[in-house]
Amino acid sequence: MSRIGKPAGTDAAVGMDAPASRTMRLCLGGAEFWSHLERDIRAARDYVYVQTLSFEGDAAGRGLADALLACGAPRKRIVVDAVTKYLINDRFIDLPSARRDAGLQREVAATGEMCDRLERGGVPVRFAWPVGRRFHRLIARNHKKLIAIDDRVAYLGGINFSDHNFAWHDFMIRIESPGIAAFLREDFEHTWRGHDRAASAEIDGDEIVVGEGRGNAELRDAVSRALDRATRRIILQCPYVSEPFWSALGRAHRRGVHVTVMMPEAHNRAVMKWGTLDASRREGFEVLMLPGPMTHAKVMRIDDSVVLGSANFDYVSFRMQPEVVLITSAPGLVREIGERILEPDLARCREPAEERRQRWRERLGGISMRVLEMLSSSIRERRPGPIPLATWRDGHAIPGPR
């Protein structure tokens, strides 16, 4: 089984070897993430801005709501993608089977009540990228997950505020950096006004990039440059992988880089798994299966740096959706991701022997992914700017407050 080595000179504690102006800590899993975030919200004095894909009326969502209502900071806001108005607990809430599910409908009602309670308590909740009558827009969403607090602390990663997402194998990065927190605050404020933006900055030696969901050329270019710099080892863990990364990983493999992709064995989007297995045959990179709960982590180790954030490594994230990505070589964080995520997961992975016996599934998955990518240009449609935000109750677009 493949293994990764530690970067040289990483014996110090996490963050101690980084520039004095910023420290980074891995928060692995929903419980660890929440234990840090709850303390940071309690300590906030100026603002707490939260953007997430899903915000549901279960223990995870209510915990965030309660913490914000108890927080003394004068400015508290939440932006949620409008998919939460249609999809809760990974189920479309208006399907006949969902309407017959009393437990699910109680959670739908609890989500609306939670949003009402926040509004009454002075914490506005707004929904980005309203769908309206064009339900094909649900395919591409405002996918960013970020938190900024007091121009002091920031969080990036893949965890949404829902119980099932808290239970998945996923992580957030807690960053103490005035520069990164201010950058994410500015991005949140653009989203709040309905102006999704493309932006990038180099802060404390890290590269942070935001894609606005209309091609995301700057985001693709930043990650492509990082891949092109690889000389020894690439390890990618992500449930959703497609072009442009299949080809990029193949190019790295052909120039002698050892490339491994880890995907969940129990995948919630099987076409992605079969398509990646098909691509690995063509491109030559290694694919390993992760047993256990759904793996939702989105991280790529490239030699002694990591790429992480809200984006999956697929055409949807890198061409169609607003996303935020951090590229960092902070030795402590790179080491911690290796020791707590990549090394243990490589040790429990297995070869996809059973899947390899179903070659027809691989071929069908590969064809399906290529067709979906070709269709994405029509699905994506150029959205007008600004895109006004909506509320939970009326669903109508409203101007984003300034």
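Two rings of Phe, Tyr or Trp (for Trp, the six-membered ring) make a pair here if their centres lie within 6.5 Å; planes under 30 degrees apart are stacked, over 60 edge-to-face, and the rest tilted. By that rule, the structure holds 11 aromatic pairs.

One of them is F33 with F161: the ring centres are 5.8 Å apart and the planes sit at 50°, so this pair is tilted. F33 belongs to helix α1 (residues 30-43) and F161 to the loop between β8 (153-157) and α5 (163-167), so the pair ties together parts that are 128 residues apart in sequence. Helices (H or I, at least four residues) and strands (E, at least two) are DSSP runs, numbered from the N terminus. F33 has 0% relative accessibility and counts as buried, and F161 is buried too, with a relative accessible area of 1%. Buried means under 20% relative accessible area, exposed over 50%, and partly exposed in between, with a 1.4 Å probe and protein chains only.

Y49 and F188 are another pair: centres 4.5 Å apart and planes at 10°, so they are stacked. This one also links distant parts of the chain, with Y49 in strand β2 (residues 47-52) and F188 in helix α6 (residues 178-192), 139 residues apart. Both residues, Y49 and F188, are buried. Back at F33, there's a cluster to look at: F33, Y155, F161 and F166 form one aromatic cluster.

A quick word on what you're looking at: this is a predicted model, where local features need pLDDT of at least 70 and side-chain atom pairs count only at pLDDT 80 or more, while totals for chains, interfaces and linings use all residues. Residues are numbered from 1 along each chain as its sequence is written, and side-chain values use heavy atoms, with hydrogens and water left out.

A charge sits over a ring if NZ of Lys or CZ of Arg is within 6 Å of the ring centre and within 35 degrees of the ring normal.

| Charged residue | Ring | Distance from ring centre |
|---|---|---|
| R197 | F183 | 4.8 Å |
| K273 | W274 | 5.5 Å |

Now for the chain as a whole. It has 13 helices and 19 strands, and buried residues make up 60% of its 402 residues. Take contacts (heavy atoms within 4.5 Å) between residues at least 6 apart in sequence: 77% of them join residues at least 24 apart.

How do α2 and α4 pack? Helix α2 (residues 59-70) and helix α4 (residues 102-120) meet at an angle of about 10°, with their axes 10 Å apart. That makes α2 roughly parallel to α4, a label for angles under 35 degrees; over 145 is roughly antiparallel, 65 to 115 roughly perpendicular, and the rest oblique. The axes are lines fitted to C-alpha atoms over the stretch in contact, and angles run from 0 to 180 degrees between N-to-C directions. On the α2 side the contact is made by G61, R62, A65, D66 and L69, and on the α4 side by M114, R117 and L118.

D58 lies in the loop between β2 and α2. Is D58 buried or exposed? At 8% relative accessibility, D58 counts as buried. Leaving out residues up to four places away in sequence, D58 touches E107, F161, S162 and D163. The C-alpha atoms of D58 and D163 are separated by 6.4 Å, though the two residues are 105 apart along the chain.
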